[in-house]
Amino acid sequence: MGFPENFLWGGAVAANQCEGAYLEDGKGLSIQDVTPHGITGPRTKEPTDDNMKLVGIDFYHKYREDLKLFAEMGFKVFRTSIAWSRIFPKGDEEQPNEAGLKFYDDLFDECRKYGMEPLVTLSHYETPLYLAEEYDGWINPKMIGFYEKFVTCVFRRYQDKVRYWLTFNEINSILHEPFLSGGIQTPKEQLTETQLFQAVHHEFVASALAVKIGHDINPDFKIGCMVLSMPIYPLTPNPDDVIAVMEKDHMNMFFADVQVRGTYPGYMNRYFREHGISLKITEEERRILTNTVDFVSFSYYMSICETADKSLGESGKGNLLGGVRNPLLKESEWGWQIDPKGLRYVLNTFYDRYQKPLFIVENGLGAMDKLVMGTDGNKTVEDDYRIDYLRDHLKQVEEAIEDGVPVMGYTTWGCIDLVSASTAELKKRYGFIYVDRNDDGSGTLERYKKKSFYWYQKVIATNGKNLDEDI
Ligand code: BG6
């Protein structure tokens with residue numbers, strides 16, 4: 001069977017992690033411009049020079065060169081986000097910023113020139129800073145209106161250039177990182193659960209509204225939700241561990257459940273009841289929620305364990321959610337546990353639950369690369385570890401396809417090196433293309449093809465056949 005003929009192979013980035021040009025052409029500040037340490041350190045009052053995102057990899061000026069390289073690899077799709085604060089610099093203006101709109105016009109035209117479908121995230125951890133400071137982000141119901149104005153504007157503008165859209169990046173991360181994910185300025189320790197889940201509800205309403213508005217503007221739009229997926233395994237066969245897993249899973253699955261089924265699941269109503277959480281939800285909002293997504297997309301990097309006995313196991317590091325370390329798995333240099341089979345498991349779980357097409361929009365290995373001189377006289381990186389990681393995961397995607405799961409496509413995370421979301425480091429590299437830029441701000445910003453560049457090029461050219469063959 002193998003990968004379907006129209007499989008969307010490609011790569012993914014987010015505006016705030018690669019564009020730089022943080023004040024150019026009328027852009028306003030976003031929450032990223034004041035978080036020089038990602039989630040590992042305090043935010044700053046103003047943008048500071050140690051914030052690597054201010055320059056990023058200068059994609060804002062170099063995107064033509066970069067898209068050419070993606071096209072050379074054969075990308076069918078390119079995932080990026082629209083930086084909200086380029087379009088509405090503060091977020092609550094009446095009129096959009098024409099220069100910001102023009103930038104994405106040019107970017108999407110350039111994608112189309114190479115026959116690459118843009119896949120656009122509407123909100124990827126880049127809430128305009130003003131909305132965080134003045135309104136406390138998604139806690140405030142006014143955010144729904146601001147987001148509605150933003151998405152209506154970009155849907156109209158790019159209706160003939162973009163077909164695939166995602167409403168919120170890793171929407172479930174808001175419970176863990178309220179500032180990064182929801183622009184919520186109130187410190188996490190001071191937030192009540194009611195406030196947090198109310199913010200989640202506002203995002204659900206906004207996402208469903210986006211689906212409705214998008215389909216009204218162009219019925220051909222395919223609009224998906226995007227969740228951070230992380231399979232959770234019981235640490236032992238103790239039934240209490242299995243129930244602990246189920247409950248932790250509910251806290252994640254609830255996000256896709258609402259966006260796919262259009263209603264709150266019973267287990268969350270129980271949770272709200274038993275935790276004294278009473279949300280403000282109007283009848284009108286319940287109706288809006290029935291505008292459900294066309295497909296389900298997700299990031300996948302790792303799995304984790306859970307146990308009812310908190311004295312067992314060590315805590316595992318990971319992609320925002322965390323959990324208990326799996327003693328059987330290896331991990332990356334950043335402690336993320338590597339589990340290719342977990343990807344087949346996630347694909348099957350989502351499809352069994354929703355019977356919707358699935359899109360893997362992030363997967364990859366963050367690693368420290370070493371630039372060396374290649375045999376052809378060009379600088380390169382011998383990143384066999386990255387090739388192994390991606391190959392092992394793709395084999396499991398193929399298994400899931402054999403299982404009957406409809407997978408629309410696969411975009412590797414950080415197809416070109418960029419700034420890490422969690423640590424704001426450049427040395428945590430994911431790309432097929434090395435960017436000469438370092439955490440101390442040094443580097444020429446030159447691009448170099450890694451060994452994985454040629455490997456992925458071959459994977460795409462053969463539509464994923466012969467994954468085991470060396471290049
Ligand atoms: C996901 C995010 O959580 O993981 C990306 O959607 C992020 O923005 C990616 O970059 C990898 O995480 P990190 O922290 O290694 O950059």
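Biologist: Which elements do the buried residues of α4 pack against?

Modeller: Note that the model is predicted. Helix α4 runs over residues 98–113. Its buried residues include L101, F103, Y104, L107 and F108. The buried residues of α4 pack against α1, α2, β2 (77–81), α3, β3 (117–121) and α6 (142–157).

Biologist: How far apart are the end C-alpha atoms of helix α12?

Modeller: α12 covers residues 340–354, which makes 15 residues. At 1.5 Å a residue they should span 21 Å. The model agrees, because its end C-alpha atoms are apart by 22 Å.

Biologist: Which residues of α12 are buried?

Modeller: An α-helix has 3.6 residues a turn, so residues three or four places apart point the same way. The cut-off for buried is under 20% relative accessible area. In α12 the buried residues are P340, G342, L343, V346, L347, N348, F350 and Y354.

Biologist: Which residue just after α12 takes a positive phi?

Modeller: The phi is about 50°. The residue with this value, just after α12, is Q355.

Biologist: Is D58 buried or exposed?

Modeller: D58 is found in the loop between α1 (15–18) and α2 (59–73). Its phi is near 60°, a positive value in a residue other than glycine. Its relative accessibility is 17%, so D58 counts as buried.

Biologist: What is the relative accessibility of E170?

Modeller: E170 lies in the loop between β4 (164–166) and α7 (178–182). It has a positive phi of about 40° although it is not a glycine. E170 counts as buried, because its relative accessibility is 3%.

Biologist: How many of the residues of strand β7 are buried?

Modeller: β7 covers residues 295–300. F295, S297 and S299 point one way, V296, F298 and Y300 the other way, and all are buried. So β7 is largely enclosed by the rest of the structure, and the count of buried residues is six of the six.

Biologist: Which residue stands opposite S297 of β7?

Modeller: Strand β5 (residues 222–229) is joined to β7 by six bridges, and the two run parallel. The residue opposite S297 is M226.

Biologist: Which residue of β11 stands opposite V296?

Modeller: β11 covers residues 358–362 and pairs with β7 in the parallel sense over four bridges. Opposite V296 stands L358.

Biologist: Which element gives the most to the lining of the largest pocket?

Modeller: About 600 Å³ of space lies in the largest pocket. It is lined by 20 residues, with E247, K248, H250, M251 and Y271 closest to its centre. α8 (193–217), α9 (239–261) and α10 (266–274) each give two or more residues. With seven residues, the element that gives the most is α9.

Biologist: What is the volume of the largest cavity?

Modeller: The structure holds five cavities of 30 Å³ or more. The largest cavity is lined by 17 residues, with N319, W336, E362, A421 and S422 nearest its centre. That lining divides into eight nonpolar, six polar and three charged residues. The volume of the largest cavity is about 180 Å³.

Biologist: Which helices each supply at least two residues of the lining of the second largest cavity?

Modeller: About 100 Å³ of space lies in the second largest cavity. Of its 14 lining residues, A15, N16, G20, K27 and D33 are closest to its centre. By class, the lining has three nonpolar, five polar and six charged residues. At least two lining residues each come from α1 and α3 (84–87).

Definitions and conventions
Residues are numbered from 1 along each chain as its sequence is written. This is a predicted model: local features need pLDDT of at least 70, side-chain atom pairs count only at pLDDT 80 or more; totals for chains, interfaces and linings use all residues. Side-chain values use heavy atoms; hydrogens and water are left out. On a 1 Å grid over the protein atoms alone, a cavity is a set of points where a 1.4 Å probe fits but cannot get out, and a pocket is an open set with protein on both sides within 12 Å along at least five of seven lines; lining residues have an atom within 4 Å of a point. Grid points are joined across faces, edges and corners, and a volume is the space filled by probe spheres set on the points. The expected span of a helix is 1.5 Å times one less than its number of residues. Buried means under 20% relative accessible area, exposed over 50%, partly exposed in between (1.4 Å probe, protein chains only). Ala, Val, Leu, Ile, Met, Phe, Trp, Tyr, Cys and Pro count as nonpolar, Asp, Glu, Lys and Arg as charged, and the others, Gly among them, as polar. Contact means heavy atoms within 4.5 Å. Two strands pair if DSSP finds at least two bridges between them.
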